[in-house]
Amino acid sequence: MTHLTAVLRADKKEDLIAYMQTAKLSHHLNPLEYFSYIFYFGSFLAGPAVSPSEYVQFIDQTAFPEGKVPAGSYFASVKIFGYALFWAVGVVVAGFFPIDFMLKPEFMEYNLFARLGYQWFSAILVRPTYYFAWLLSEGANILMGLGYNGQDAKGNLLWYAKRS
């Protein structure tokens, strides 16, 4: 569906906002491009979302200066390490507040506010696992080159194009 709307947008250039100008396609994708886009993990599993035109520019490398992907492994490694640390702390702390404790009769001995606080805090501690999986895909996009969006005024590489 995204592919179809991107192609149809190319016909109405006067009605397009700035993002649509960059996301439009001027041609239909060939079967290899189409199926590689459809089965790209960021398109249907974890995100971040990538338009068909951005994906094609990434594949044919027209999105990069000099036609090659700049090195972003340091930036991605730092981000992935930070996410892994966040996940590890969440898992360790969650071990002190197991969710299955709420099913035990001892849990009902606490007052209402203590039970509500425990439920709230233990539910919050489940999130880091999901955040880690989500943000790991962002790191993968950076390593592949999809996160590249140019350079700042000082010439530093920017890797914030695709963020979760």
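Phe-97 is partly exposed in this predicted model, with a relative accessible area of 28%. A cut-off explains the label: a residue counts as buried under 20% and as exposed over 50%, so a value in between is called partly exposed. Phe-121 falls into that class as well, at 30% relative accessibility.

These two residues form an aromatic pair. Their ring centres are 4.9 Å apart and their planes stand at 80 degrees, an edge-to-face arrangement. Phe-97 sits in the loop between helix H6 (73–94) and helix H7 (112–124), while Phe-121 belongs to helix H7, so the pair ties together parts that are 24 residues apart in sequence. A search of the whole structure finds eleven aromatic pairs. Phe-97 and Phe-121 are also members of one aromatic cluster, together with Phe-101, Phe-107, Tyr-110, Tyr-118 and Trp-120.

Helix H7 can be followed from its start. Asn-111 caps the N-terminal end of H7, with a side-chain oxygen 3.1 Å from the backbone nitrogen of Phe-113.

Which residues of H7 are buried? They are Arg-115, Tyr-118 and Ser-122. Seen down the axis of H7, the buried residues fall within an arc of 60 degrees, so they line one face of the helix. On the face of H7 turned away from the buried side are the exposed residues Phe-113 and Trp-120. Tyr-118, on the buried side, and Trp-120, on the face turned away from it, both belong to the aromatic cluster described above.

Helix H6 holds Tyr-74. At 67% relative accessibility, Tyr-74 counts as exposed. Tyr-74 and Leu-143 are 69 residues apart in sequence, yet their C-alpha atoms are 8.9 Å apart in space.

Elsewhere lies the largest nonpolar core, which has eight residues. Its members are Tyr-37, Tyr-40, Val-50, Tyr-55, Phe-58, Phe-64, Leu-146 and Tyr-148. One of them, Tyr-55, can be looked at by its contacts. Leaving aside neighbours within four places in sequence, Tyr-55 touches Glu-33, Ser-36, Tyr-37, Tyr-40 and Val-50.

Key. Residues numbered from 1 in each chain as written. Predicted model: local features only at pLDDT ≥ 70, side-chain atom pairs only at ≥ 80, totals over all residues. Heavy atoms only, no water. Phe/Tyr/Trp six-rings, centres within 6.5 Å; stacked < 30°, edge-to-face > 60°. Helix = DSSP H or I, 4+ residues; strand = E, 2+ residues; numbered from the N terminus. Buried < 20%, exposed > 50% of the residue type's maximum accessible area, 1.4 Å probe, protein only. Core = buried A, V, L, I, M, F, W, Y, C linked by side-chain atoms within 4.5 Å. Contact = heavy atoms within 4.5 Å. Arc of directions from axis to C-beta. Polar contact = N/O pair within 3.5 Å; in protein donor to acceptor, adjacent residues only side chain to side chain.
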